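Subject: Structure handover

Hello,

Here is the structure I promised you. Please open it and keep it beside this email while you read.

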2 protein chains.
Amino acid sequence: MVPFIARNKGALAADAVLMSDTLMLRPGQPAISYATRGDLYLELEVLGPKHDLHSGNFGGAIHNPLQALCEIIAKLHDANGRIAIPGIYDRVRQSSRTEEAWMVEFGAPDALVVEGAGSRRGWGERGYSLYERLTVRPALTINGIAGGYHGPGRKGVIPARATAKLSFRLVPDQDPHEVDRLFREHTARLTPPTVRAKVRTVSGTKPALVNPEHPMIRAAVSACRKGFGTPPALLRSGGTIPVVNAFQRILSAPTVLMGFALPDDRLHAPNEKLHLPTFF
Amino acid sequence: MVPFIARNKGALAADAVLMSDTLMLRPGQPAISYATRGDLYLELEVLGPKHDLHSGNFGGAIHNPLQALCEIIAKLHDANGRIAIPGIYDRVRQSSRTEEAWMVEFGAPDALVVEGAGSRRGWGERGYSLYERLTVRPALTINGIAGGYHGPGRKGVIPARATAKLSFRLVPDQDPHEVDRLFREHTARLTPPTVRAKVRTVSGTKPALVNPEHPMIRAAVSACRKGFGTPPALLRSGGTIPVVNAFQRILSAPTVLMGFALPDDRLHAPNEKLHLPTFF
């Protein structure tokens, strides 16, 4: 999409972009988001023996790539829920006083985040609310792991390789290229000499921030008040919308993020839903 | 098979059982194995949120079951390659002097194990040769992990659950029921309050040991010498043959393990082979 926007810059010229791909915190309470997190999606592959081995004949004497992968992943967070990659927080911007006040006024309380997740309790970086962890703080998520046997019953195998998909959510002023480099350097340090590790970059997006005092945001706030009878919450989104950055960079157009999803909509998950009263 | 043996005890009465399911160390050098490791095959499932979550909306604020699974697995071995489960080594029998001498005389040198594995170097419990780690010492192998997304490209998901298949190889006098209990107790201790863990037992087998001075083993030694022109190595097998125990227990018949597989045959793996000169 980015080359398309660049090629059609003239035809696409606009004062602002209106996009509906973000959250409200609850039905009846509109919201405008003024920030999205960036991301960096990676694959980490750990390679061991040339081929799969029988765990009876080799179990205990050859390092298992699946085990080595777990050992590397376990070291990517510390006991305080922080990402344990040196330098990863260096460019993370501290919230201003104004913003901190907004976070408290508009942000989702911890209980709402936990309930929306269908979880029993929160987790993550000590010293921040769950809403802050989701919006103004970076996150590292293991999105998938595959390796060895996972059919029914049993197979005594030491797999030759194991792969994890993992992704960072980035906040201003983190840069996906720099985080990529920090991750690769740290993974190399964590990889024991008994296995090899390969990192592949799938995609990367910078975080985006729209000035909430922009006239178009102000107009959107009025529109929300008119439509819902109540002023919108000013939120930051924990998700990533890569094109927001492209609109800003190529068209110099801010994006007004006026979305209507609810925290329990199960985005990207089985049984995703849309709340019909909000839709109408 | 065990109930069948019990029901047909009379018809199956025998002085000894001859079985061909074990290794030689190299072509031309026959081998008789007098011990097999037992095993215990388990599934460990870590459960987090009720359903999969979007890692943008929840990444950093909800503990990811895949990450928690890795964190638990990483704690199952210590930095010396030992299984870090309290009590797991309590019943492991120390080798006798005679046996230690055999291990050195007949056992696979480290280089042969590493070469057979197609690996770059060995791994495991410090203070033991690779052959000892494979035969007289227990092992814990992660046989498979499944969780989250592992198709092509990317999906920003925090999976609701993650599962590992793992198996112990056990040595005299370890008991699979006791190891099962120790594993469950330790897993419960390692599981943080942010997730739940379930353990399922798939199967368990006691280790087996045949007296190498038994007349039938002596007869097999003579037969090997006659057939190959060289006396057989007396080995312990790292693998598990559950029925050896049943023959011993129900029929009081020792099993002579006279096998012809080679270390690089890729047992249970893609491109498994049989060395034809040895076969003929």
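Start with the largest nonpolar core, which has 60 residues. Four residues have the most contacts inside it: Leu69(A), Ile73(A), Leu69(B) and Ile73(B). Keep in mind that this is a predicted model.

Now the two chains together. Chain B can be laid on chain A by a turn of 180° and a shift of 0.0 Å along the axis. The RMSD is then 0.0 Å. That is the relation of a two-fold axis. The same surface serves both copies, and 100% of the contact residues of chain B recur in chain A. Which residue of chain B comes closest to the rotation axis? Look for Cys70(B), whose C-alpha lies at 2.2 Å.

Next, the contact between the chains. Chain B gives 73 residues to it, and chain A gives 73 residues. On the side of chain B that touches chain A, the largest share comes from β6(B), with nine residues. By class, that side has 28 nonpolar, 32 polar and 13 charged residues.

Strand β6 deserves a look in chain A too. It covers residues 139-148. Ten of its ten residues are buried, so β6(A) is largely enclosed by the rest of the structure. Which strands does β6(A) pair with? One partner is β8(A), residues 161-170, joined to β6(A) by seven bridges. These two strands run antiparallel. Find Ala139(A) and you will see its bridge partner in β8(A), Arg169(A).

Another partner sits in chain B. Five bridges join β6(A) to β6(B), and these strands also run antiparallel. Gly147(A) has Ile145(B) as its bridge partner. Ile145(A) has Gly147(B).

Then turn to helix α9 of chain B, residues 242-251. Its buried residues are Val244(B), Ala246(B), Phe247(B) and Leu251(B). Seen down the axis of α9(B), they fall within an arc of 165°, so they line one face of the helix. What covers them? The cover includes the helix α1 (2-7) of chain B. It also includes the strands β1 (17-19), β3 (35-36), β10 (208-209) and β12 (255-257) of chain B. Just after the helix, Ser252(B) takes a positive phi of about 50°.

Last, some overall numbers for chain A. It has ten helices and twelve strands. Its C-alpha atoms fill a box of roughly 70 × 45 × 35 Å, taken along the principal axes. Of its 280 residues, 46% are buried. Consider the contacts in chain A with a separation of 6 or more: residues 24 or more positions apart account for 77% of them.

Best wishes

Methods. Residues are numbered from 1 along each chain as its sequence is written. Chains are lettered from A and ligands numbered from 1 in the order in which they are written. This is a predicted model: local features need pLDDT of at least 70, side-chain atom pairs count only at pLDDT 80 or more; totals for chains, interfaces and linings use all residues. A residue is buried if 20 or more other C-beta atoms lie within 10 Å of its own, exposed if 12 or fewer, and partly exposed in between; C-beta atoms are placed from the backbone. Helices (H or I, at least four residues) and strands (E, at least two) are DSSP runs, numbered from the N terminus. The arc is that of the directions from the helix axis to the C-beta atoms. Two residues are in contact if their C-beta atoms, placed from the backbone, lie within 7 Å. Two strands pair if DSSP finds at least two bridges between them. Copies are superposed by least squares on the C-alpha atoms of residues with pLDDT of at least 70 in both. A nonpolar core is a set of buried Ala, Val, Leu, Ile, Met, Phe, Trp, Tyr and Cys residues joined through C-beta atoms within 7 Å. Ala, Val, Leu, Ile, Met, Phe, Trp, Tyr, Cys and Pro count as nonpolar, Asp, Glu, Lys and Arg as charged, and the others, Gly among them, as polar.
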